[in-house]
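This briefing sets out selected features of the structure shown below.

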Amino acid sequence: MKSIEIGKSAVVASQAALGVMRMDALDADAAAEVVRTAAEHGVNFFDTADVYGFNVNHDHASSRVLGRAWKDAGLKREDIFLQTKFGINIDFSDPNNVHATLHKAGKVRHFGVSNVNPWQAELLQSWLGDDPAMRLEANQLQFGLMHAQMVSDELMTNSGAEGMVVANHSDGLLSYSRLRHMTIQAWSPFQSGTEYGPFVGNEHFPELNKALDEKGAKYGVSANAIATAWVLRHPAKIQIVLGSMNPTRLGEMLDGADIDLDKQDWWDLYVAAGNLIP
């Protein structure tokens, strides 16, 4: 498992993270097995949120299951990084109320955002000030083979070819993130963005799955591993957030963290996913 620095925080963590949005649906043994699988593959970064409890309709439910799973899997709290997300509840009479308070209390070491565009990030950063402790280190965004708009926007800036979308819908998020040294955390990288759900092994996406299987055979890994490797191959040093609660499938996905796709294979997959008309 490769490691990357998260933003400029000096926190060096696994390039693959485990997201636990659906962990509240698991019993204790199953949750421990998922965490154990992740740890055995080198994952030491876990992503949760206060609202993750959709199966039991209760806030913090997945976080509670995760907390027990760490212990049952034999992990120590000091050996892992925990990332959580919470709603906006700000006292505007004191612009630094929530963030300064959380940091000074020792509850939060570093800050990031989720699903914001470059100008929103700039606005928030200007509000937080120049204190290094308040620096935005990461932006969690949906990115994967079938959510590659950030890449496509940079390729199509001056293209007028038939079928090309010239408008930059991502506002330069990819270049902005690299310029500001903000780590992109790719959520739901296996979703198709359609009613058909995940794309790996899905009969509705034959061209992409043919390419995934071919590349898998070349590198000696599964299609799931290749889909992970595609995300991590980008030089932006993206951190992938995997949310599978199936230990076997999760293990296959994590195998991709050790695969270095060559550039042609990366491009072949990008095209097969329908991101560019050849």
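Buried denotes a relative accessible area under 20%, exposed one over 50%, and partly exposed anything in between, computed with a 1.4 Å probe on protein chains only. The model is predicted, so local features need pLDDT of at least 70 and side-chain atom pairs count only at pLDDT 80 or more, while totals for chains, interfaces and linings use all residues. Residues are numbered from 1 along each chain as its sequence is written, and side-chain values use heavy atoms, with hydrogens and water left out. Helices (H or I, at least four residues) and strands (E, at least two) are DSSP runs, numbered from the N terminus.

**Helix α4**

- The buried residues of α4 are Pro118, Ala121 and Leu128.
- Viewed down the axis of α4, these buried residues fall within an arc of 90°, so they line one face of the helix; the arc is that of the directions from the helix axis to the C-beta atoms.
- Trp119, Leu123 and Ser126 are exposed and sit on the face of α4 turned away from its buried side.

**Strands around β7**

- Strand β7 (residues 136-142) is mostly covered, with 6 of its 7 residues buried.
- Strand β6 (residues 111-114) runs parallel to β7 and is joined to it by 3 bridges; two strands pair if DSSP finds at least two bridges between them.
- In this pairing, Phe111 stands opposite Leu136 in β7.
- β7 also pairs with strand β8 (residues 183-187) in the parallel sense, over 5 bridges, and Asn139 stands opposite Ile184 in β8.
- Together, β6, helix α4 (residues 118-128) and β7 make a right-handed β-α-β unit; right-handed means that, with the strands pointing away from the viewer, the path from the first strand over the helix to the second runs clockwise.

**Nonpolar cores**

- A nonpolar core is a set of buried Ala, Val, Leu, Ile, Met, Phe, Trp, Tyr and Cys residues joined through side-chain atoms within 4.5 Å.
- The largest such core has 59 residues, of which Leu18, Met23 and Trp230 touch the most other members.
- Helix α8 (residues 223-233) supplies the largest share of this core, 7 residues.
- Another core, of 11 residues, lies apart from it and includes Val113, Ala133, Met134 and Met182.

- Leaving aside neighbours within four places in sequence, Trp230 is in contact (heavy atoms within 4.5 Å) with residues including Phe143, Leu145, Leu261 and Tyr270.
- Leu212 is found in helix α7 (residues 206-219) and counts as buried because its relative accessibility is 0%.
- Not counting residues up to four places away in sequence, Leu212 touches Leu145, Phe199, Val200, Ala223, Ile226, Ala227 and Leu269.

**Aromatic pairs**

- Rings of Phe, Tyr and Trp (its six-membered ring) pair if their centres lie within 6.5 Å; planes under 30 degrees apart count as stacked, over 60 as edge-to-face and the rest as tilted.
- By this rule the count comes to 9 aromatic pairs.
- Phe45 and Phe81 form a tilted pair, 6.4 Å centre to centre with 35° between the planes.
- This pair links distant parts of the chain, 36 residues apart: Phe45 is in strand β4 (residues 45-47) and Phe81 in strand β5 (residues 81-83).
- Phe45 is buried at 6% relative accessible area, whereas Phe81, at 22%, counts as partly exposed.
- Phe190 and Phe199 form a stacked pair, 6.0 Å centre to centre with 5° between the planes, and both are buried.
- Ring pairs also link Phe143, Trp230, Trp266, Trp267 and Tyr270 into a cluster.
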